[in-house]
Amino acid sequence: MARLLKAKKEHIGLSPHEIYFRGEKKSDTVLLEVIDYDSENLDEFEAKSVKEVVKFNETSSTTWLNIYGLHDVKIMDEIANQFELDSLILADVMNTHARPKIQEYDNCIFISLKMLQYDEKQNRISSENIVILIMEHILLSFQEKTGDVFDPLRERVRKSKRRIRNAGTDYLAFALMDIIFDNYNYIISIIGEKIESLEVHLLNNAHEATLEEINNFKKEVIYLHKSIKPCREIVIELLKTDSELLEDSVYVHFEDLKNNLNQAIESLESYREILSDQLMIYHTTISSKLNDIIKFLTVFSVIFIPLTFIAGVYGTNFDVLPELHYKYSYFIMLGVMLALAVFMIFYFKKKKWF
Amino acid sequence: MARLLKAKKEHIGLSPHEIYFRGEKKSDTVLLEVIDYDSENLDEFEAKSVKEVVKFNETSSTTWLNIYGLHDVKIMDEIANQFELDSLILADVMNTHARPKIQEYDNCIFISLKMLQYDEKQNRISSENIVILIMEHILLSFQEKTGDVFDPLRERVRKSKRRIRNAGTDYLAFALMDIIFDNYNYIISIIGEKIESLEVHLLNNAHEATLEEINNFKKEVIYLHKSIKPCREIVIELLKTDSELLEDSVYVHFEDLKNNLNQAIESLESYREILSDQLMIYHTTISSKLNDIIKFLTVFSVIFIPLTFIAGVYGTNFDVLPELHYKYSYFIMLGVMLALAVFMIFYFKKKKWF
Amino acid sequence: MARLLKAKKEHIGLSPHEIYFRGEKKSDTVLLEVIDYDSENLDEFEAKSVKEVVKFNETSSTTWLNIYGLHDVKIMDEIANQFELDSLILADVMNTHARPKIQEYDNCIFISLKMLQYDEKQNRISSENIVILIMEHILLSFQEKTGDVFDPLRERVRKSKRRIRNAGTDYLAFALMDIIFDNYNYIISIIGEKIESLEVHLLNNAHEATLEEINNFKKEVIYLHKSIKPCREIVIELLKTDSELLEDSVYVHFEDLKNNLNQAIESLESYREILSDQLMIYHTTISSKLNDIIKFLTVFSVIFIPLTFIAGVYGTNFDVLPELHYKYSYFIMLGVMLALAVFMIFYFKKKKWF
Amino acid sequence: MARLLKAKKEHIGLSPHEIYFRGEKKSDTVLLEVIDYDSENLDEFEAKSVKEVVKFNETSSTTWLNIYGLHDVKIMDEIANQFELDSLILADVMNTHARPKIQEYDNCIFISLKMLQYDEKQNRISSENIVILIMEHILLSFQEKTGDVFDPLRERVRKSKRRIRNAGTDYLAFALMDIIFDNYNYIISIIGEKIESLEVHLLNNAHEATLEEINNFKKEVIYLHKSIKPCREIVIELLKTDSELLEDSVYVHFEDLKNNLNQAIESLESYREILSDQLMIYHTTISSKLNDIIKFLTVFSVIFIPLTFIAGVYGTNFDVLPELHYKYSYFIMLGVMLALAVFMIFYFKKKKWF
Amino acid sequence: MARLLKAKKEHIGLSPHEIYFRGEKKSDTVLLEVIDYDSENLDEFEAKSVKEVVKFNETSSTTWLNIYGLHDVKIMDEIANQFELDSLILADVMNTHARPKIQEYDNCIFISLKMLQYDEKQNRISSENIVILIMEHILLSFQEKTGDVFDPLRERVRKSKRRIRNAGTDYLAFALMDIIFDNYNYIISIIGEKIESLEVHLLNNAHEATLEEINNFKKEVIYLHKSIKPCREIVIELLKTDSELLEDSVYVHFEDLKNNLNQAIESLESYREILSDQLMIYHTTISSKLNDIIKFLTVFSVIFIPLTFIAGVYGTNFDVLPELHYKYSYFIMLGVMLALAVFMIFYFKKKKWF
């Protein structure tokens, strides 16, 4: 699990306008992937410089510039200059530890989000900061490192007759967020399945690994909740935004995003409660097992304690101990012992101790 | 219990307009049941195609088209075309895992809900997605599979003098929701009865099956809460809606639905708390039993430990051990042992250990 | 304790307008008690039919018609007809399991409430549905069965100089609600006293009956909370209502009702928390007692274990065991045993184990 | 601790206008203390009757009439008449069990509050009802019994150059509330200190008295929270009030009261959580100690069990038992026993059991 | 950890206008540090008196007067006079125990905050009251004692080309708050790291120090939450403020502060939950260990109890005890004992008890 909050001493007191990378470098190079499209044409290429792309903002086609790698201050500066963006925006892009947020500017809408993915191999959630900048004819998306998460969208864009080819940057932004939020639901779905499969072990076969798993799932659920909750605020903010950059037709899709996020958040809250119950049940099962162990010990001890005592009595060396001298004393003693043991066993059987 | 959230990897990145079945197929064929009625006449038949039904939207009578089975993309496409519905609507109809929601369109109001039913035999809650589309003279309801849940309503429509025969699609929509929400209350009522009957076992006769039942009820209550809460949002949204499709007289019924849902939700929250208390009480009872077992062991051990010790002392083989040689030593020893045991028993009785 | 939610399968799908008794019949006959009064005159009698009463609605005096018994569909129909009431109102009157609610109609205000009373003998809370219908000159109150709960109010009305004699149906409605809500506070006060008296047992003398009582009080508090919370909504709704049926001077009294209900709800929430703490303390006390028992067992065992071992050693039959043959061996052994025991006792005293 | 809610059966159904003492009589006589002041003059005396004071309401000076003792219906009636107050107001003054509230009337603002004080000797919180009536030139304050809690304020008024001498009844009301709320913070501060000092015992030296103290503090915190929360509502209501009786300059002081109450409430909520944690920690410490005790018992038992067994074997009386007859058998046995014991001790040391 | 709430008896009833130091004196002298700057010039010096500084309020340059030490009533009086500030403001400055707040006055905005710092050596959080007074051309900041926390900001101001040199007191106030809030996040980040490192010990190696640490972190998180929450209210208040002292361009920065505080608060809430879980897991681990110990004791006891019993039987002194006289009896007994022990060991192995 990623850390809940990261803050470094050396970042305290920095100017908010300072374009300075505040994160962990996850990629070495910076890649500029461009897709420019309208209903008729599609142009897809890798740009060498920002300059190459900026001209597309004047054409009426929709251009999607996806930037992999955030650490390069120079390129960020260039982007700020070429697209006439406030330095605050690029500073925010480079601050990968910040809380997801939305900010409306004169010429763009800034949205930062966490992209979460479930790494099946390592069995953990990885987190990546994603920034989406909606401008009139161009949309910039920033990713910390290369990845294939937006591939289904690229595919949709490439297939020429899709609705997305007629739509603008607002719809593209929706589609990007939709993929990110769908991934949230997918992760929750996987974790939910695992939590439910824990249940089987819980009641019959609890051991410490189960406890560790409950604890891990709990932390993952807390982490997911903390990551997803700000997204709902962002979508609600978007729904209230009255920007020229957003067409009326896109709001119905934002409503859907809100509904999806609500479902995600409510599911997480349910899982949170289920996990707390599981913890309590695990604890109760442990106590229940203790009872079984102690019952076993008690039954065993209580049966033998009086028998051993009787043997002890007849092991004493008194000069006068009449029972020792009868012919059948020993056998009578064995008989009494057997009778006592049988009685005890019945007594415990009746008490349902075993 | 159904899963709290289902999401599939292959659905990530799909266009929201794509009419694509995202659920589990629960029925093989698709059935179109039509009831067309006004205060005078009633016409009830099974339609072969959507075309047959669409003409009723122009007559002033109220038409209820109930569609069983959601998996058939073709029929959905036809419905979209014939009724001039936004493709988003039908895509939503086919997404059975989505959160219940309401969406107002120009020519219709879209409402999706979860139909929950209690399967007495299997002792579990089954969930089905229901979509209601309110149009001017026709109401479409979509069910995942055939079932008799709306039969009481059909009966009411058939009996000619009922108020419902004079009302429009808005009242019909209310009646459908009323049945769905009444089923919520009915399920809660059944589960509540079972939870209350658990109580008896809890204090006197707790065993692991009780723990498992508490856990299951807790999960069911969480599941119900998660399913029912969005319905209240939907009804509140309906009450705020100012659509031409809803007549003034129907709002008082929506108020009643809200009140019913409030009762359901508050009951669930109460049961949730009761179940948490039961879990705690179960745990406490387990601890309390442990005390009883340990007390039993302690009483038994503590009585015999000194007796066995005394016997041990007189079992030693010292050359000089004067007590061994008196005539009544053995009997005195037995007497002392008896006295000790009796004293111990009184001591424990006074301490109320048994 | 009454059930938290009751719903019957046969009521699913009934029309909301259907005047149909949905409850348990608590009374055999129906009684119509009438008090008609103004500042000068008072007329009190038992009516034989609804017709007899309806004429009072045209006089300027205030009339209070109290109806015991809700199960008689005929009388309800007659009431609906005579007072020109919407059929929904009477259907709601007969649905005794519904959540408390308020509904404003053109000619009346409908208020349904739960009347709770503490049955000191059976040590349980009984619940009864009360409906108040405020009309211009007449107030209808419906009770499930006969009872003396409103007697203090009748007494106040009879005493001629009371302020109530000058007031209208709105003030009468307030007075009725005031009695109902005062009863809530009275019940909470009784339960509170009992909860506080539990405390004494909790720390010194906890046994399973205490656990059962905590559990019962908890459920009663949950039940009360669930019953009282909707009342606050009703009073808040009344305060917002701008009906001609309510005079300005009555709002200050509604404010007082709200304040009373707030106090009730806050007290319940406090008791809820106190009971949860008591449960935890009970559990902790159980664990604490276990420690005492185990300490006792340990002290006893640990003192005798080495002594018995020593005796065992000198009970062996080795040919060569020099200690056996000294004159004072036995007494030395006894001395060593005593010293060991004393040492152990001091050791445990120092460890504060007894 | 005072009771959370008090309600008496005989008060049910009383008219709200009835001037009737609903509380416990805490004082025998009624005292009327008057301070009349403006920036120049100060007049302080004990009034014999209400009549003596009422004339001050017409002068422009500020008059503070403090009344000790609420049980005397006659004096209350006289106050109502002389000051032309609604009978509701005086009835409310005499209802000392009611929830704190504010009510605006035409000629006055009614504020009732709980005065809480920490009785250091008895180690408990005492509660007293305080009512403040703000009129144009006179302020009435009602206390249940005599006390010195407002003495610092009297002192401030007496010192002639204080700001308070130029201000009206609104500022005087603020000053009274300020003292009451400062006492809340003082009590919380004392209890907080005690809670924090509990901590030391909790981890090292927990015994049942600690548990009892945690429980008592918890209940006191709940009681304080319940008493203080309505005060915040009152102050917020005051801030929203647009009465002629309140000058603009006093609102900034009400803001301060709100801030103080927020701090009090937030501290109480923090202490609530801390106490819950302490309860859990106490419980865990108890369990942890049990482990230590059981470890001790186990170590002791496990060391001696095999030794006693060996002695038992050589205490048997078989005709043929070769080991008995070797010269060094006994010493070898002792050696083996010693070796076993040492081994066991090392084993447990390694397991860190002691 | 600092105390959650401090209130002294002697402060009850003081006038809010009284300039009186209500705190702990943390510094002996009072220092007045001045930085006066505009885009061109920078002047940095230590002022001897307030008079020296007040003239800067008339120049258009921005002046930052930082005052170390709050206990000196004379200097505070001088500040109040020179800057024509309400006496309330300075009284508030000297009340270091008050809750953080914001208050708008005619000529200034008053903001009080808690400066929290993590003392790595002592492993605890230290708290200091900071007051910021925003006036037109001068900003006053009050600190309880000298410190280097604002040094990065001073550095930024000194470097002449920074944006801050062109901005007014509003931006300076933002920069100060930004540093304070960044410190919150930094502290949370450190504590978060420590909490996560606890985890490792929790499951494998729990001892009482772990419990103590969990408890301490929990209290620190509660303390942080209580300190930071009012800051969010302050920033939200600032965002709503429509003061002439704040330029439009600064609001976007306040938005950022709000986002930072939201992240801090959400992280604290997550850590709170994680710590509660850890407490529960610690408790469960303790119970789990008890099971292991008791299993060990049981296995050991149960193996030896029957063996010791058998030896006891053959240690009896009956005249007739045939087994004693066979040649191989002793060896057979040993064999039987061995067989029994081996059987037991297998039995427990199968039960997975060791």
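How many bridges join β5(E) to β6(E), and in which sense do the two strands run? There are 11 bridges between β5(E) and β6(E), and the two strands run antiparallel; strands are here DSSP runs of E of at least two residues, helices are runs of H or I of at least four residues, and both are numbered from the N terminus. Two strands are said to pair if DSSP finds at least two bridges between them. The model is a predicted one, in which local features need pLDDT of at least 70 and side-chain atom pairs count only at pLDDT 80 or more, while totals for chains, interfaces and linings use all residues. Residues are numbered from 1 along each chain as its sequence is written, and chains are lettered from A, with ligands numbered from 1, in the order in which they are written.

Within this pair of strands, L113(E) has I130(E) of β6(E) opposite to it. β5(E) and β6(E) make up a hairpin in which four residues lie between the strands, and N123(E) in the turn has a positive phi of about 60 degrees. The chain then continues through a further hairpin, in which three residues join β6(E) to β7(E). β6(E) and β7(E) also run antiparallel, joined by five bridges, and I134(E) has L139(E) in β7(E) as its bridge partner.

These strands belong to an open sheet of seven strands in chain E, which has mixed pairing and the order β2-β1-β3-β7-β6-β5-β4. At its edges lie β2 (42-47) and β4 (101-104) of chain E, each of which pairs on one side only. Direction ignored, neighbouring strands of this sheet are turned against each other by 20 degrees on average. The parallel part of the pairing includes strand β3 (residues 62-68) and strand β7 (residues 138-143) of chain E, which pair over six bridges, and here N66(E) stands opposite S141(E) in β7(E). Helix α5 (residues 169-204) of chain E packs on the sheet, where it touches β3, β5 (109-119), β6 (124-134) and β7 of chain E, and its direction makes about 30 degrees with that of β5(E). Contact between two residues means that their C-beta atoms, placed from the backbone, lie within 7 Å.

Two packed helices are described by the angle between their axes and the distance between the axes. The axes of α5(E) and helix α6 (residues 208-240) of chain E come within 11 Å and cross at roughly 160 degrees; such axes are lines fitted to C-alpha atoms, for helices over the stretch in contact, and angles run from 0 to 180 degrees between N-to-C directions. α5(E) and α6(E) are therefore roughly antiparallel to each other, a description used for angles over 145 degrees. Among the residues that make the contact are F181(E), Y184(E) and I187(E) of α5(E), together with F217(E), V221(E) and L224(E) of α6(E). By class, this contact has 14 nonpolar, two polar and three charged residues, where Ala, Val, Leu, Ile, Met, Phe, Trp, Tyr, Cys and Pro count as nonpolar, Asp, Glu, Lys and Arg as charged, and the others, Gly among them, as polar.

A further helix pair can be followed in chain C, where the axes of helix α7 (residues 251-313) and helix α8 (residues 329-350) come within 10 Å and cross at roughly 160 degrees. α7(C) and α8(C) are therefore roughly antiparallel to each other. Their contact includes V299(C), V302(C) and I303(C) in α7(C), and M333(C), M337(C) and L340(C) in α8(C). The residues of this contact divide into 12 nonpolar, no polar and no charged.

The chains themselves can now be compared. Chain E can be laid on chain A with an RMSD of 0.1 Å by a turn of 72 degrees and a shift of 0.1 Å along the axis, the copies being superposed by least squares on the C-alpha atoms of residues with pLDDT of at least 70 in both. The two copies are thus related as by a five-fold rotation axis. Of the residues of chain E, G315(E) comes closest to that axis, with its C-alpha at 4.5 Å. The two copies use different surfaces, since 15% of the contact residues of chain E recur in chain A.

The contact itself takes 54 residues from chain E and 51 residues from chain A. On the side of chain E that touches chain A, α4 (151-158), α5 and α7 (251-313) of chain E each supply at least two residues, and the largest share, 32 residues, comes from α7(E). The residues of this side divide into 22 nonpolar, 21 polar and 11 charged.

Note on methods: Parallel < 35°, antiparallel > 145°, perpendicular 65-115°, else oblique.
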